[in-house]
Amino acid sequence: MTFARNGRMPEAPTKVRHSILAVTTLAAFLMYLDRMCMSEIVKTATFRSEFDLTDEQLSWVLSAFFWAYALGQVPAGWLSDRFGIRPLMTIFIVLWSAFTALTGFATGLWSLLLTRMGCGLAEAGAYPASSSLLRKWATWGNRGVASSIVSLGGRLGGAAAPVLTMLVISLMGGWRWAGWIYGAVGILFAWAFWHIYRESPEQHPDCNDEERALLAHGRPIDADAGKKYRFPWMAMLKSGNLWFMCGMQFWTNVGWAFLATWMPRYLKETLKLSDEASGTLSTVSLGIGLGGMMFGGVFADACVRYMGLKRGRLIPLAGTRFLAAVMFVLAIQTTNPWLLVPALGLVAFFTDAGLPAVWATMQDVGGRYTAPVFGWANMWGNIGAALSPVFIALINKHLDANQDWHEALYFCAAAFVISGLLATRIRADQPITG
């Protein structure tokens with residue numbers, strides 16, 4: 001019979017880490033639901049009857065979120081490190097939910113822009129904070145899977161947004177109800193996050209010593225542990241490794257954002273569908289990507305186990321980008337919905353399959369500074385997402401004479417190729433130190 005050093009029988013580890021993973025995943029679901037509902041709202045009859053906006057104006061409404069989201073990444077990541085994830089994440093959830101609700105009160109272009117920018121700014125800190133908390137609350141050998149679960153929550157929210165938003169609008173009789181209902185649900189959820197989360201296993205009253213030991217097992221020694229926290233501006237700016245990550249994120253999101261912004265309209269015009277049908281097919285396409293998230297988490301962890309950190313991160317990062325580019329090219333070749341929707345769905349699949357490796361690489365490279373490093377790279381990614389709808393609108397206006405969207409899809413494919421090439425230069429075994 002084996003006893004612990006304090007003379008008592010050893011206990012099974014508690015499951016607090018699972019509760020924290022669950023509440024973080026649900027936060028990601030609500031975040032993406034609020035983020036992507038606008039793409040459905042702007043094409044509905046009730047919205048168009050109230051707002052007479054040009055395509056270029058709509059492109060700015062769709063991209064306003066991403067601009068604010070991009071610019072808020074680093075400050076929000078720093079605030080999370082400085083003041084703690086628990087209070088800041090709770091505030092982020094309350095604020096983005098409030099701005100989503102305020103979108104339902106918009107009266108014109110400027111109020112739409114301001115509420116979407118507010119929502120984007122409030123959501124900016126969510127993923128940097130989530131990545132940082134996974135360093136503490138996920139076991140060392142399963143960070144890829146844990147990251148994939150949180151990312152999956154976001155993608156589930158994005159995939160559900162078209163159908164849920166159209167359902168809410170149909171049942172309630174107007175687009176404004178989507179913002180009001182989503183906002184109210186998010187504000188209520190903020191209380192749940194505050195109640196469940198703590199900054200570390202040592203601070204959580206329900207976490208026992210066995211779970212704390214499990215979470216600490218296998219972690220490499222942090223070279224910056226014990227040092228006074230200082231934001232690593234110069235180390236970040238001098239890191240060529242980090243700049244390759246930024247470029248990869250930028251071009252990935254230039255290509256991916258088409259799915260989040262223009263795809264419902266593309267399907268509607270290409271396949272001559274109703275609002276409801278295009279919303280359903282958008283959800284189907286994005287839903288195909290959900291399998292990529294879980295596959296990507298397992299694949300990312302397996303690659304590191306069998307090939308080491310350097311090559312094990314590179315393969316899922318670069319390979320998934322090249323495969324997403326191929327799927328965009330295949331989508332151009334058909335207007336058959338049975339081929340077109342799966343092709344776009346596989347763009348989402350391969351993009352999402354690479355996300356767990358992206359998160360894990362941010363943690364590898366960021367170390368103690370994961371939140372601001374994640375925020376820095378994510379900022380560039382979302383600058384790409386902000387520019388993408390504008391690029392697509394300009395391409396369609398000036399280069400697409402027959403309005404078949406082919407030029408826009410070729411542009412998205414090229415963006416993924418560039419992203420893949422940049423990913424081949426990333427070295428996850430070279431962390432940033434302050």
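Predicted model: local features only at pLDDT ≥ 70, side-chain atom pairs only at ≥ 80, totals over all residues.
## An opening question

Glu 56 takes part in a salt bridge with Lys 397, in which the closest N and O atoms are 2.7 Å apart. Lys 397 itself is exposed, with a relative accessible area of 53%.

## The pair of Glu 123 and Arg 35

In total, the structure holds seven salt bridges, and another of them brings together the side chains of Glu 123 and Arg 35, at 3.4 Å from N to O. Here too distant parts of the chain are linked, with Glu 123 in helix α6 (residues 109–123) and Arg 35 in helix α1 (residues 16–41), 88 residues apart.

Glu 123 counts as buried, its relative accessibility being 0%, and Arg 35 is also buried, with a relative accessible area of 6%.

## The pair of Asp 364 and Arg 313

A further salt bridge is formed by Asp 364 and Arg 313, whose closest N and O atoms are 2.6 Å apart. The two residues connect distant parts of the chain, Asp 364 lying in helix α15 (residues 337–366) and Arg 313 in helix α14 (residues 275–332), 51 residues apart. Both Asp 364 and Arg 313 are buried.

Notes: Residues numbered from 1 in each chain as written. Heavy atoms only, no water. Salt bridge = Lys/Arg side-chain N within 4 Å of Asp/Glu carboxyl O. Helix = DSSP H or I, 4+ residues; strand = E, 2+ residues; numbered from the N terminus. Buried < 20%, exposed > 50% of the residue type's maximum accessible area, 1.4 Å probe, protein only.
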